Amino acid sequence: MAVLELTNISKHFGAIQAVNDVSLSIEPGQVVGLMGDNGAGKSTLVKMIAGNFRPSHGDMRLEGKELILHKPSEARQHGIEIVHQDLALCNNLTAAANVYLGRELRRGVGPFRILDYAAMYKRAGQLFAQLKSETRPRDLVKQMSGGQRQAVAIARTMLSQAKIVLMDEPTAAISVRQVAEVLNLIRHLRDQGIAVVLISHRMPDVFDVADRVIVMRRGRKVADKRIASSSPEEVTGLITGAIEQVV
Amino acid sequence: MAVTLDQTIAQKQHSFLSRMFSSQTFWVVIAVILACIFLSFATDAFATQKNLYNITRNITFVAIIALGMTFVIITGGIDLSVGSVLCLSSMVLAVTMHAGYSIEVGILASIATALSIGAFNGILIAYLGFPPFVVTLGMLSIARSLAMVASNNTVVFQFGPDHDKLLALGGGAWVFGIANPVLYMIILALITGFTLRWTKFGRHIFAIGGNEHAATLTGVPVRQIKVAVYMISALAAGIAGIVQTGWLGAVTTNLGNGMELQVIAATVIGGADLAGGVGTAFGAIVGAALIEVIRNSLGLLGINAFWQGVFIGGAILLAVLFDRIRNFRRND
């Protein structure tokens, strides 16, 4: 069964049609590359899944149940996590503190509850081990490499039982070696049965890690096919409009 | 033998000692201790019980407010109104008690005044997006003016039926001969330190100072917390005002004039970063202590009091210089 299913989703802001009649479904453990030029509607589409916007038309289903989101925290409760483009990390805090930001573990009774440092360090360490990332929970994020910072942001999505992780341009501003690290992190998420939506401008990354590619142009979905049966040339053509549409 | 991933993850990069030596607060503590040792030998008057009693008590008023200011500074904000809020709280207490009300009513009115000013500052800053500097600069002027209105710009020194209670509250020494204000300072410092290190609220304050946008995205209630920190800052000023009123036995409308700068200096010397994200309760106390020791020693060493500003200003620059040198080394 599809973990996420969108049917005839549209979104308009006044007279601007940002997303137009898009349908798609994503299976568990699948990595989907979402590509398109600036203004193609990828961000708007993702923001609807993440609970930032409500669709004007159409409906969304999560594991078969209708999904209506009023704010981002509701998406999180449903197991939809997002890794923001700027990673949303606090440099002055430790890796573990960043992983648990906004949902800190506490111990104690009633109103007398204190932060549970030991449990947070331990669990964060386990998550980094799962991601095969050399990241120490006690280190400040300030001192970390781009790949480690990505690991911290991704570990955050694994705290709860995430079903879908939306990643906004995770490889846009890091070095070549770190890109390989991030793509590995994505594979580890996939291996745990989590569906990953990878928004990216970088063709090699999508062809490296994704199972499927969805191309958007001017608010419409113009392609949705398996990576194996597509090519970078075809996707480029679809993004620019040289190729109208493939089914 | 190869180092496994688990070992790497479990490794602590910094030992307790290395962290201590790299902290600005630690070096300021050393400076305070060295200064005290030097003064004990250089002058006869320093290490007397009376002088130490005076020093510890003088530290408290700046230190108590600096504790509140630490919360604000960690979020990346600033509160310039604390000196005026101290004055207004003192005046509300004095006028209420002078009118014949009990000390409880006076303190309640005084605290309520401080909290509402803090809430006003916080709401303007958090919900309407005013810059903290501007809002609290405005309040610096407003609060002092209100204190003048409340007292008709007179000196209040008669506090009604509970006059003696108030003087005992601020001027007494109920435990082991330690001045009461010092006890209040220690209790408040412990509460502040605990809050910053062990509560979710404290963690979120650091997060806001580190990256406010990230805090918002991860679901930290940024606006409510910002209002709370300005209320805490004003509350600290209010408490300091009540204690100082009891100690001085009189309130004038220039009480706490320019105090905001001493308070900010204390927090910065103690290691807080005006850019936000860094600060400790202990640092605020140590910063206040260094300023007071400098002030006190100049008097004892017979140096003209006009030089005070030079030494305190120098201490601020020196403390921050240490921090810069550490950063340069790290960037190399």
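In this predicted model, the end C-alpha atoms of residues 227-251 of chain B lie 29 Å apart, and this span is 88% helix and 0% strand. The stretch is one of those that carry the annotation "transmembrane region" in UniProt, in an unreviewed entry. Under that annotation the record also lists residues 26-47, 59-76, 173-196, 263-291 and 298-322 of chain B. Residues 263-291 of chain B give another picture: their end C-alpha atoms are 10 Å apart, with 62% of the chain there in helix and 0% in strand.

The helices of chain B may be considered next. Two packed helices are described by the angle between their axes and the distance between the axes. Helix H13, which covers residues 259-269 of chain B, and helix H14, which covers residues 281-300 of chain B, have axes that come within 7 Å and cross at roughly 115°. The crossing of H13(B) with H14(B) is right-handed. On the side of H13(B), the contact is made by B:Gln262, B:Ala265, B:Ala266, B:Thr267, B:Val268 and B:Ile269. H14(B) contributes B:Gly283, B:Ala284, B:Gly287, B:Ala288, B:Leu290 and B:Ile291. Eight of the residues in this contact of H13(B) with H14(B) are nonpolar, four are polar and none is charged.

A second pair in chain B consists of helix H6 (residues 103-126) and helix H12 (residues 222-248), whose axes come within 7 Å and cross at roughly 150°. H6(B) and H12(B) also form a right-handed crossing. The contact of H6(B) with H12(B) includes 16 nonpolar residues, eight polar residues and two charged residues.

Attention now turns to chain A. UniProt, in an unreviewed entry, places the feature "domain: ABC transporter" at residues 4-243 of chain A. This span is 32% helix and 29% strand, and its end C-alpha atoms lie 28 Å apart. How confident is the prediction for chain A, as expressed by its mean pLDDT? The mean is 89, and 100% of the residues of chain A reach 70 or more. Within the chain, confidence is highest in helix H3 (residues 95-99), at a mean of 95, and lowest in helix H2 (residues 72-77), at 85.

Strands of a sheet pair through backbone hydrogen bonds, either parallel or antiparallel. One open sheet of chain A is formed by four strands in the order S2-S1-S4-S5, with antiparallel pairing. Its edge strands are S2 (16-26) and S5 (65-66) of chain A, each of which pairs on one side only. Strand S1 (residues 4-13) of chain A runs antiparallel to S2(A), and seven bridges join them. Among the facing residues, A:Leu6 has A:Leu24 of S2(A) as its bridge partner, and A:His12 stands opposite A:Gln17 in S2(A). S1(A) and S2(A) form a hairpin with two residues between them, and A:Gly14 in the turn has a positive phi of about 60°. Helix H1 (residues 42-49) of chain A packs on this sheet, where it touches S1 and S2 of chain A, and its direction makes about 60° with that of S2(A).

Another open sheet of chain A is formed by six strands in the order S6-S9-S10-S3-S11-S12, and here the pairing is mixed. Why is one side of strand S6 and of strand S12 of chain A left without a neighbour in the sheet? S6 (80-83) and S12 (220-226) stand at the edges and have a single partner strand each, so one side of each has no neighbour in the sheet. From one strand to the next, the twist averages 20°. Within this sheet, strand S9 (residues 164-168) and strand S10 (residues 195-199) of chain A run parallel and are joined by five bridges. One example is A:Leu166, whose bridge partner in S10(A) is A:Val197. Helix H6 (residues 176-191) of chain A lies across S3 (31-36), S9 and S10 of chain A, and runs at about 150° to S10(A).

Finally, the two chains meet. In this contact, 24 residues of chain A touch 25 residues of chain B. On the side of chain A, the elements that give two or more residues are strand S8 (112-115) and helix H4 (117-130). H4(A) gives the most to this side, with three residues. The residues of chain A that touch chain B divide into 10 nonpolar, seven polar and seven charged.

Definitions and conventions. Residues numbered from 1 in each chain as written. Chains lettered and ligands numbered in written order. Predicted model: local features only at pLDDT ≥ 70, side-chain atom pairs only at ≥ 80, totals over all residues. Axes fitted to C-alpha atoms, helices over the stretch in contact; angles between N-to-C directions. Left-handed = near helix turned anticlockwise from the far one by under 90°. Contact = placed C-beta atoms within 7 Å. Nonpolar A, V, L, I, M, F, W, Y, C, P; charged D, E, K, R; others polar. Pairing = 2+ DSSP bridges. pLDDT = per-residue confidence, 0-100. UniProt positions renumbered as here; feature names shortened; annotations may be inferred.
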